[in-house]
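User: I want to know what stands behind the labels on this model. Please set each value against its definition.

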Amino acid sequence: MPLEQENGGFYDRNLDEDYLAWVETLNAAYRDGSLSDDSFADDGTAFEEKVKSGKYATMLLDGTPQQGGNLQIYRSANPGKEYIAIDGPQSTVGHEPTLNQSGITGWMINYITKDCKDPAKAIQIFTYLLSEEGQMLMNYGIEGETYKAKGDGTVGLLPEVKDLQLNNADQFKKDYRMGEFMFFGHDRHKSLSSDAFPESVKQLQEWGKGKLKPHFILENINPDQGTPEARALSAINTKWNSTLVSMIRAKDDATFESALAAYQAFLAENSWEQIVKVRSEKMKLNKEKLGIK
């Protein structure tokens, strides 16, 4: 779907006609009995356990972080079987894939609370985790204990650590948790070794090549916290989550359309036009920073 309107303003991708056609397709699958109600009720723990045992026939994932261990457990326990990435819903009107990639403002914005007893120490931890030494520790551990350096500038996990990563992912996570601490992670150090990721996600990552598109113009465009628009957007996001589930689980076309109409009315009642204006203005500033005309 487009990232912006033709005039450069914010584009509401949730209400894109092509996207909604795919939501209707999911609803048809639900009515046909091909989608389980468990899909809407499983919490994080239940989801992980079902992935490990291969209980899901198909999953829609927004990326591989935090998924490698669970996928590897299923792969190791079932030789010759594994979850693979396949082409899913695509544009029916000719748009190229626009899957989001890593941003330029960081995976998340990290804050130190006003109640922190030692803010300077907290900043030191932040700084260390983003340093060369901190990044190597998070991704590969300690040289000589968990990994070894190779003559060509790359590194490799020691055999016993690699074996644990492949054949006992839960224990690997418990003992090391290397390569999965996303909060201060970036990809530069991942390129130093093929061991940075378990085998279970490598095909998924290869599948994504050529499908990613920068979403830099959409970064940090939400209304500032504490403003009426920010409070309205929070309510809208909650409403959309419940609306999307209601549409997918709708028993008939009328129920589907009713849920969608109720959401559109909710937008009108909760400052949506003002939120779009704020987002459009911040998108313009992003473009100026990035030198995009």
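Analyst: What follows takes the labels one by one. This is a predicted model, in which local features need pLDDT of at least 70, side-chain atom pairs count only at pLDDT 80 or more, and totals for chains, interfaces and linings use all residues. Residues are numbered from 1 along each chain as its sequence is written, and side-chain values use heavy atoms, with hydrogens and water left out.

User: What makes a stretch a helix or a strand, and how many are there in the chain?

Analyst: Both are DSSP runs, numbered from the N terminus: helices are H or I, at least four residues, and strands are E, at least two. The chain has 11 helices and 4 strands.

User: How do you know that the span of helix 11 agrees with its length?

Analyst: The expected span is 1.5 Å times one less than the number of residues. Helix 11 (residues 272-290) has 19 residues, so it should span 27 Å. Its end C-alpha atoms are 27 Å apart, which agrees.

User: Which residues of helix 11 are called buried, and what covers them?

Analyst: Buried means under 20% relative accessible area, with a 1.4 Å probe and protein chains only. In helix 11, W272, I275, V276, V278, R279, K282, M283, N286 and K287 are buried. Their cover includes helix 9 (228-248) and helix 10 (253-269), where contact means heavy atoms within 4.5 Å. In an α-helix there are 3.6 residues a turn, so residues three or four places apart point the same way.

User: What comes just after helix 11?

Analyst: G291, with a positive phi of about 75 degrees.

User: How much of the chain is buried?

Analyst: Of its 293 residues, 31% count as buried.

Notes: Buried means under 20% relative accessible area, exposed over 50%, partly exposed in between (1.4 Å probe, protein chains only).
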